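This briefing is meant for a reader who is meeting the structure for the first time. Please look over the sequence and the model before turning to the notes below.

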Amino acid sequence: MKLSKNSPCWCGSGKKYKHCHEEWDNTINVLKLQGQKVPDHSLIKSKEDLKWIRKAAKINNEVLDLVQEKIHAGMSTGEIDQLVYNYTIEHGATPACLGYEGFPNSCCTSVNDEVCHGIPDFNRILKEGDIVNVDCTTIVHGHYADASRMFCIGEVSEAAQKLVDVTKECMEAGIAAIRPWGHLGDIGAAIQELAHKNGYSVVVDYGGHGVGNDFHEEPFVYHVGVKGQGMILAPGMVFTVEPMINEGTYRLFIDADNGWTSYTEDGKLSAQWENTVLVTEDGVEKLAW
């Protein structure tokens, strides 16, 4: 139903439509007529949504800061999980991973050739030279923020350090490619170009995703792509950029015993960094990192 200019805006801001999202809708309608794939209203976060997503992001960032401070050789991935759980609960939030589709822990800890969804274990002891991704998602007031970081344990090989550094650069390149009214494919194109330039492959079985009002929302964020293609990136969208970059092949397999942990098919190293971002009227804002 078409809103009148003086009706309350559909986004729940309390403003009149003409002072809020009327111009947004007009832009979307023009793009739709041009044959572009556009987001619907359900993908646009309200100010109230963003208030809670930012609160979740603050705790999520603090959790990863704590891991960064405490992680060391001789520590188990189970101890990392305990840190994440304790801090999150003590600050009035909930770890989203715990119990999600049966996942048994509060975060994912993926070591060396583990691409993602590594399950924390008190018997898995980190050693000098390991690289590990710690992936946390925090819920506050029913709203979600999601991020992961790579950690190098002690002195790592030159090859491992390069992979970790370039993967972070890939994520940052993907975020830098985000423009209001740009395209989803711009993100994947930027990541793919940088990864391939450095001789790495990009995992295609997993990608980023909408987040905020639920753990996983639309759109799926590909980390490979073609510039100028894919869904329009409209102001108000919140999603993750989280490239998984491999030393060797992009192919992977999932642990048959636990049904979660993904490994590189060739046993070579994998790395991942993840931020939650908001598309704004004039660019992009990092919410969780």
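**Charges and overall build**

The mean positions of the 25 positive and 41 negative charges of the protein lie 11 Å apart. The model is a predicted one, and the values in the points below are to be read with that in mind.

Overall form

- The protein contains five helices and 17 strands, and its radius of gyration of 20 Å is close to the 19 Å that the globule rule gives for 289 residues, so the protein is as compact as a globular protein of that length.
- Taken along the principal axes, the box filled by the C-alpha atoms is roughly 65 × 45 × 30 Å.
- Of the 289 residues, 55% count as buried, while the protein exposes about 13,100 Å², of which carbon and sulfur atoms supply 50%.
- When contacts between residues at least 6 apart in sequence are considered, 67% of them join residues at least 24 apart.

Helix H5

- Helix H5 covers residues 184-197, and at 1.5 Å a residue its 14 residues should span 20 Å, which agrees with the 21 Å between its end C-alpha atoms.
- Because 10 of the 14 residues of H5 are buried, this helix is largely enclosed by the rest of the structure.
- Among the buried residues of H5 are Leu-184, Asp-186, Ile-187, Ile-191 and Leu-194, together with the glycines Gly-185 and Gly-188.
- After H5 comes Gly-199, which has a positive phi, near 85°.

Backbone features to look at

- As background, most residues other than glycine have a negative phi, and most peptide bonds are trans.
- The peptide bond that joins Glu-218 and Pro-219 is cis, with an omega of about 0°, and Pro-219 has its place in strand E9, which is made up of residues 217-221.
- His-117, a residue other than glycine, has a positive phi near 65°; it is found in the loop between strand E3 (114-116) and strand E4 (131-140).
- With a relative accessible area of 24%, His-117 is partly exposed.
- Trp-181 is not a glycine either, yet its phi is positive, at about 75°, and its place is in the loop between helix H4 (158-176) and strand E6 (182-183).
- Trp-181 counts as partly exposed, at 26% relative accessibility.

Notes: Residues are numbered from 1 along each chain as its sequence is written. This is a predicted model: local features need pLDDT of at least 70, side-chain atom pairs count only at pLDDT 80 or more; totals for chains, interfaces and linings use all residues. Side-chain values use heavy atoms; hydrogens and water are left out. Helices (H or I, at least four residues) and strands (E, at least two) are DSSP runs, numbered from the N terminus. The radius of gyration is taken over C-alpha atoms; the globule rule is 2.2 Å times the number of residues to the power 0.38. Buried means under 20% relative accessible area, exposed over 50%, partly exposed in between (1.4 Å probe, protein chains only). Contact means heavy atoms within 4.5 Å. Accessible areas come from the Shrake-Rupley method with a 1.4 Å probe; for residues, only the protein chains shown count as cover. Lys and Arg count as positive and Asp and Glu as negative; His and the chain ends are not counted. The place of a charge is taken as NZ of Lys, CZ of Arg, CG of Asp or CD of Glu. The expected span of a helix is 1.5 Å times one less than its number of residues.
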